[in-house]
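User: I would like to learn how to read the features of a model. Please take them one at a time.

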Amino acid sequence: MGSDDKIVDVNFESLLRIFTVPEAPDSTLGNIEQKLSQNLNEFLREHIVAEEKPLSEIEKDFSDAAIPEIPSFVSEHTQHLLDTVVSHSVHTSAPSFIGHMTSALPYFLMPLSKIMIALNQNLVKIETSKAFTPLERQVLGMLHRLIYGENDTFYQQWMHSAEHSLGAFCSGGTIANITALWVARNNALKADGQFQGVEKEGLFNAMMHYGYKGMAILVSERGHYSLKKAADVLGIGQHSLISVKTDDQNRICPTSLEQTIRDLKAQNIKPFAIIGVAGTTETGNIDPLDSIADIAEREQCHFHVDAAWGGATLMSNNYRHLLKGIERADSVTIDAHKQLYIPMGAGMVLFKDPSAMKSIEHHAEYILRKGSKDLGAHTLEGSRSGMAMLVYSSMHIISRPGYELLIDQSIEKAQYFADLIEQQPDFELISKPELCILTYRYVPASTQQALALASATEKAEIHQYLNELTTFIQKSQRENGRSFVSRTRLTPKKWDRMETNVFRVVLANPLTGKDILHSVIEEQRVIAQSSPVLLPKIKALTEKILQS
Ligand SMILES: *Cc1c(COP(=O)(O)O)cnc(C)c1O
């Protein structure tokens, strides 16, 4: 030992204690546990500070790359977490934070998560998960049935069949989308004669064998960025994710889709998957799934529906018709951690055909033996937690009609908010809500009149300032810390497809009341009117146009 080595208090006995002795009820951590279970919202309100601290300041608390040589007491460390992490995290479940896709969680999930973590099952194989394996298969069966509505015999036959799977549970929509396209790619380039399939021989040999110049995936210009990652990891390249034009309601144009397919085929590029989006991330609009299904059928393409966000709408018998055609999809992505109110880390992909996933099946001797029911044979991920239990529990505790109420209230609230915005002379609704997402922006009433008379250059100039104003309002509102809406950029037809910054609102949190919606726009109006530079510039341009 060097002379300057510290004598530190690390001994095996104290280490054993952290595996065996729980924290005392009156310790810092014990207290937190109590508060968390007594009143979660109060705990978060108390500990998350509202004022925004600049990230560069926060980074100072996380600047040391050395692993500590001296152990901390649990209580001390817990206090440290409260001060540095909890206080500067985001209160995603606050009713006035209406910009996130993940919102409030039901209470019962906190203690149930603890059970899940305590059991620490690994769902990759049955030997480390036992009952969790049939449980997860049942959850996949429930979602499969929600989408495809097969009969009891179907589920009795396939749900627990060792050689089949109705889908895969994974950490989120990204992995779900990659899995769906992985299956689609392998089925499109399957073994044939001497060729042993793309999974064995790779893309280069596959292209040679099939005589294609390339592969393509088609999705509307509102497709989620995870699809680009999928194209990249599947080796076909991001440029092979072809975006198709949308109409003025952010839905794919079927005629453009058909034309794009013809163009690709003329270049000897194989379109192997068409994706319908059921609830776009930015605007919540749903593609015409039946029309896409017709085209995919005719072209013999894999039809995937990305319903990561909107899929939960199927729970509502009042609104599930909006996703009509989804039952014709070869595969569907659903995120339980969005509108099914499950904590992060719960995505699913479901396949219509119980044999579809054979094309990505993997076996190994010590694990995932052939004929075993190991879930890992059909998942991209290896070790996986028992998150499916939380979906299972929520399905039972909330039930389908309970979810229906949650979905219905969110859609109806979005409708209310859209009407409210349309009643304001100084706000403009940009995308009407189909589900519970809508977008809008602040435009002074006189500027709205001026825009109707403005020349193209004047319009572009005002637009530029309005974009900056929208950004200014959104950032200031976030920094004030009372409420939060998100922001995105759209190209609305109404504004000649000019890039338009908009506020984006997701109204999933059942605790968000109408009073909050009123105060959110009131706060935005006050911020806009206090804008020192942008608003005066916009007003000046407005007057110039109105006077000429
Ligand atoms: C959220 C989302 C995804 C990605 O899901 P993650 O869970 O974030 O990986 C994919 N597609 C759509 C439409 C989404 O809304």
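The dialogue below goes through domains, cores, salt bridges and surface.

User: What should I know before starting?

Analyst: This is a predicted model: local features need pLDDT of at least 70, side-chain atom pairs count only at pLDDT 80 or more, and totals for chains, interfaces and linings use all residues. Residues are numbered from 1 along each chain as its sequence is written, and side-chain values use heavy atoms, with hydrogens and water left out.

User: Which domains does the assignment give for the protein chain?

Analyst: Domain bounds come from an automatic or database domain assignment. Here the chain is split into domain 1 (8-89), domain 2 (118-397) and domain 3 (407-547). The centres of domain 1 and domain 3, taken over C-alpha atoms, are 39 Å apart. Their contact (heavy atoms within 4.5 Å) takes four residues from domain 1 and five residues from domain 3.

User: How do I read a nonpolar core, and which residues touch the most other members of the largest one?

Analyst: A nonpolar core is a set of buried Ala, Val, Leu, Ile, Met, Phe, Trp, Tyr and Cys residues joined through side-chain atoms within 4.5 Å. Buried means under 20% relative accessible area, exposed means over 50%, and partly exposed lies in between (1.4 Å probe, protein chains only). The largest core has 113 residues, and F417 and Y440 touch the most other members. Helix α14 (residues 388-423) supplies the largest share, 15 residues. Helices (H or I, at least four residues) and strands (E, at least two) are DSSP runs, numbered from the N terminus. Domain 2 (118-397) and domain 3 (407-547) each give this core at least three residues.

User: What is F417 in contact with, leaving aside neighbours within four places in sequence?

Analyst: With that exclusion, F417 contacts L438, Y440, V505, L507, L517 and I521. Another core, of 35 residues, lies apart from the largest one; A176, A273, A356 and M357 are among its members.

User: How many salt bridges does a search of the whole structure find?

Analyst: A salt bridge is a side-chain nitrogen of Lys or Arg within 4 Å of a carboxyl oxygen of Asp or Glu. The search finds 23. One of them joins the side chains of E136 and R384, at 2.8 Å, N to O. E136 sits in helix α7 and R384 in the loop between β7 (347-351) and α14, so the pair ties together parts 248 residues apart in sequence. Both residues are buried.

User: Where do R525 and D426 lie?

Analyst: R525 is in helix α17 (residues 514-529), and D426 is in the loop between α14 and β8 (427-431), 99 residues apart. They form a salt bridge, with the closest N and O atoms 2.7 Å apart. R525 and D426 are buried. There is also a network of salt bridges linking D290, D294, E297, K324 and R328.

User: Is N120 buried or exposed?

Analyst: N120 is exposed, at 63% relative accessibility. Its place is the loop between α6 (109-119) and α7 (132-148). The C-alpha atoms of N120 and R384 are separated by 9.4 Å, although the two are 264 residues apart along the chain.

User: Which residues make the nonpolar surface patch?

Analyst: Patches are made of residues with over 30% relative accessible area and no salt bridge; like charges are joined within 9 Å, nonpolar side chains (Val, Leu, Ile, Met, Phe, Trp, Tyr) within 5 Å. Here V10, F12, L15, L16, I18 and F19 make a patch of about 660 Å². I18 belongs to helix α1 (residues 12-20) and is exposed, with a relative accessible area of 57%.

Conventions
Accessible areas come from the Shrake-Rupley method with a 1.4 Å probe; for residues, only the protein chains shown count as cover.
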